[in-house]
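This report goes through one structure by topic. The sequence and the structure come next.

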Amino acid sequence: MNDPDEVVKGLEIIKELKKGPWPSYITETEKTRYPLKLYAASLYLKRDLWTTGGYVSVPGVPTGILMRVTSRPDIGESANVVRVYLPSGNFVTSKMLRNLADFADKYGVSMVHAITTSEDFEIPGIPKEKIRDFVAEFRATGMEVGSTGDAFRNTTTCVGPALCEYATFDTPKFRDDFYNRFNDYAKYPTFPHKLKLKISGCPLDCARASQKGDIAIIGSWEGAPLIIREKLKLLSEKEMLEIVNGCPTGAISLKNGELNIEGDLCTQCMKCVKLSKGSILPGEKKKYLLYVGGKLRGKKGPFTAKLVEKMDDPYQAFDIIERIINVYIENAARKERLGDMIFRIGMKNFLDLIEKEEKPYHIKDLRTNIFYKVSEEEKTKMLEELKKSLGGE
Amino acid sequence: MEGPPRPYTEYIHDMIKRNIGKWKEHRFVEPGIMEHISDNDKIYTIRVASTSNARYSTDTIRKFADLADKYFDGYMRFTGAFNPEFFAKTLEDAKKLKKDLESMGFPVGGWENHLWNITSCAGYFHCALAATDAPSIAKSLGDAVIKYFNKDELPAKFTLAVSGCPSACGGAYLADISIVGIHTEIPIVTENIKSCDLMGTAMICPVGAIQLKQAEKTIEIRENLCIGCGLCVGACSGIIFRTPEKTDGHAVIVGGKASSIPPGTQIGRVVIPFIPNDPPRYELTVKSVLRIIETWKKEAKKGERLIAWIERIGWEKFFEKTGIPFFKQSMDDLDLRSLMLLREGGGK
C-alpha cells in the first residue's frame, strides 16, 4: 500500500531535521519502532495528529500511565506512555538503564524518554493490554511507575550535598523521606488537581522550585554568609574586588585587605558565593523557606511561588504540607491549581486556613485602601501590642 | 517498595557517597566539564547535549550505560534540564569521555556563561494539545546556537526552552528565552462530550467561555470569550482542537530565571506575540532568538543574566536595541493578575 501524500511530503521535511550539529531526535527515532510517519505527516500538515484520550484505568496502577490516541490510525497506532520514577537527584546506574532499555524493547517501541521536565523517565508505546504485565514485571525489578493524574507529581530536588558544597541540607535524602511519609498521596489521585513539591538546597534554586513548585522548599540562611578565610587569601585582589562590587546590596566591604560582609544587609542571593571559588559559603545559621503556589499552567497563567514560612529545620515542612493538602482538598475547585486557589481566596485567607500568622515577608507592598474590618477583640489586641512595642502604660 | 527507588545513596558511586556534604569547591574547567573537589577526592562531571525532546533509542541508552561502566563503574545521572551527565575520575578521562560522546554525535558543553541546554515538550511527537511542534523548533535553535553551548562565552548563564502550548511542559517561561505554542482557533465539542464531567469542565475555563447545556447534556464554547488556553481540552476528551491546517503559531517569551541573584525568580514575558509555524527550520523564530542573544552579548555586563540586563536598560531600549517591533499584545489585559504580583509574596 502506498503512503498517503502527507506522509510522503512529511518524510521529506523530517530529512532536514537529521542535519546539523545538535543531536537529532529524528536520527534517534529512526532506530525505534515509533510511528514516525504520523509525526512526519503532522509536520507537513502543521497540525497535531494526536488527540486526547483521558486516563487509562488499569487495576492496581492508579497513577503512572498516560494515554495517547491517534487521529490517523491508518498511519500510526494509539499507544500508552508509562512514567517511571528515578532515585532522588536523578542518579541512575548502568544496570537500571539497561533494565529500562530491555523493558522498552519488550513492551514499548524501543524508545526511552530519558528525562522529562518533571524529572522522571517515560517508556512510550506500550499497548493497553500489556500494561498490567509490564507493571508487575517492572515492579519486581525494584522500580515503580507513577507521577500522573491529580496526585503528588514527582518531587524533584537538586543534587544537594552529593555533588555540591552550597547545599544547606541533604535534599535527595529529604525527597526519600518525603516518599516514606507521603507516598499514598503520590500513588492515589485524590487532589483537585496535580500538586508538585520541589526542593532546592540553596537560593540558586537548581530544582527551579520557586518557578514550578506548588509547594517549594529552598534552603537558605540568616545573616552573612560563611567566609573561609584561609581560602579567601588565595584570591587575587581583582577577584576580591569583583566580589565586593558584585554584591547587589553593598553588604561587602574591603578594608586593609580584609573582606567583611554585613549580615543585616545580606539578602542571601548567593552572588558572592558564586564568585568566590569556594571561599564563601552559605551562612551557618540555616533557614529553610517554604513557598506555595508556583506553577506554569492553570487558570491565570504562570505564577512564581510565594513565601509562607521560614523554618529552622526542613522537616518542619512535613506537618505544614499535610495542612496545605487538607486546605487544598477542601477549598480548591475541580482542576484548580494551588496557586490559582490562593489567587482566588487571597493570600491572607490562605494563611488563616493553614494557621500561619501574617508576617511582613508575606508581602511585597502594603495595601493602600482602608476598606477592612477590625473586630472589637482585634482593636484591644492592637492597642496592647502598640503600647507594648512603643511604650506607654 | 512503593514510590521511587530509595535511599538514593544506593545508586551513587562510593566516591560520591563518601563525600556527601564534604565537597569544598566545584570549578568550571571548560564548557561541559566541571571539577568537584573535596579534601581527599576529585571527580569530574561531563554535561551532554540531549536530543531536543530527550527521546533516545534503546541502542543509545545502552551505549550511555556502556560509557558509565567504562568511566565511573556504572554510575551517571540526568539533570532537570535534560542533559545526560557522566562522571570521570581524572581530567584526562573526562576529556576522553568527551571525545567518545562527540563521536557518538552528542556534543559536550554548558555551565558557567554558556548555553546550558535546550528543553522541549513532546509537541506533535506525542501530545494532543500541541499548537506548535516543540522538538523541531528546539532542534533548529540548537543547530543555530550550538557555538554558545560548547565554544563561545555569553555574558551569563543562558537557557532555552520550547513548549508546544501554554501548558509549558517543555519548561517555557522558566528559561531565558522560551518559545510557546499558541492556539489561534477555539476548540470544538465532539460526541465524546457525553463521557465528561460537564460542570467540572465548565468550571475549568478561566474566562467563563463554556456554557452548560444541561438539558442536551453538552456544552457550548463561546467563541468571543475563548482565549485558547487548552485547559478544557486537557480535562475532557470530548473537546478537541481541530485547528484548520497551517494557522497556529508560537510566541517568543523572554526573561525567565530561577536563582535568587537579582532580579530574583522571574517568569518570562511575551516579547513577540505570534510567529506562524514554519517547519522544519523556523527561520524567523531562530533569527529573532539569535538577534536577542547577540544584542544581549554585545550590551550586557559580565555576569548579567538576560532579564537583569533588560531590567537595567528598560523594555523601551530593549526593543530599540534589538530592532524587534513592539506589538500591543505584549500588554497584559487578562485580569488583575498584575495587582497580585505587586502586592503579595516574593519576600525573602
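## Strand pairing across the chains

In which sense do strand E5 (residues 111-113) of chain A and strand E4 (residues 55-57) of chain B pair, and over how many bridges? In this predicted model, the two strands pair in the antiparallel sense, and three bridges join them. One of the residues involved is A:His113, whose bridge partner in E4 of chain B is B:Arg55.

## The contact between chains A and B

Chain A gives 105 residues to the contact, and chain B gives 103 residues. On the side of chain A that touches chain B, helix H4 (residues 94-106) of chain A supplies the largest share, eight residues. By class, the residues on that side of chain A are 49 nonpolar, 28 polar and 28 charged.

## Helix H4 of chain A

Helix H4 of chain A has 13 residues and reaches 18 Å from its first C-alpha to its last, close to the 18 Å expected at 1.5 Å a residue. Its buried residues are A:Ser94, A:Met96, A:Leu97, A:Leu100, A:Ala101, A:Phe103 and A:Ala104.

What do the buried residues of H4 of chain A pack against? Within chain A they pack against strand E4 (91-93), E5, E6 and helix H5 (131-139), and from chain B they meet helix H2 (58-72).

## A:Ile126

A:Ile126 lies in strand E6 (residues 121-126) of chain A. Why does A:Ile126 count as buried? It counts as buried because it has 23 C-beta neighbours inside 10 Å, where the cut-off is 20 or more.

Leaving out residues up to four places away in sequence, A:Ile126 touches A:Ala79, A:Asn80, A:Val82, A:Tyr107, A:Gly108, A:Ile131 and A:Phe134. A:Ile363 is 237 residues from A:Ile126 along the chain, and their C-alpha atoms are separated by 48 Å.

## Helix H14 of chain A

Helix H14 (residues 376-390) of chain A has 15 residues and reaches 21 Å from its first C-alpha to its last, close to the 21 Å expected at 1.5 Å a residue. After H14 of chain A comes A:Gly391, which has a positive phi near 95°.

Strand E6 (residues 84-88) of chain B is mostly covered, with five of its five residues buried. In a regular strand, side chains alternate between the two faces of the sheet. In E6 of chain B, B:Pro84, B:Phe86 and B:Ala88 point one way, while B:Glu85 and B:Phe87 point the other way, and all are buried.

Strand E3 (residues 42-47) of chain B pairs with E6 of chain B in the antiparallel sense over four bridges; B:Thr45 has B:Phe87 as its bridge partner in E6 of chain B. Strand E5 (residues 75-78) of chain B also runs antiparallel to E6 of chain B, and two bridges join them. Here B:Arg77 has B:Glu85 as its bridge partner. The hairpin of E5 and E6 of chain B has five residues between the strands, and in it B:Phe82 takes a positive phi near 80°.

## Domains of chain B

The domain assignment divides chain B into domain 1 (8-103), domain 2 (115-182 + 245-330) and domain 3 (188-240). The C-alpha centres of domain 2 and domain 3 of chain B lie 31 Å apart. Each of these two domains gives five residues to the contact between them. On the side of domain 2 of chain B that touches domain 3, there are four nonpolar, one polar and no charged residues.

Notes:
Residues are numbered from 1 along each chain as its sequence is written. Chains are lettered from A and ligands numbered from 1 in the order in which they are written. This is a predicted model: local features need pLDDT of at least 70, side-chain atom pairs count only at pLDDT 80 or more; totals for chains, interfaces and linings use all residues. Two residues are in contact if their C-beta atoms, placed from the backbone, lie within 7 Å. Ala, Val, Leu, Ile, Met, Phe, Trp, Tyr, Cys and Pro count as nonpolar, Asp, Glu, Lys and Arg as charged, and the others, Gly among them, as polar. Two strands pair if DSSP finds at least two bridges between them. A residue is buried if 20 or more other C-beta atoms lie within 10 Å of its own, exposed if 12 or fewer, and partly exposed in between; C-beta atoms are placed from the backbone. Domain bounds come from an automatic or database domain assignment. The expected span of a helix is 1.5 Å times one less than its number of residues.
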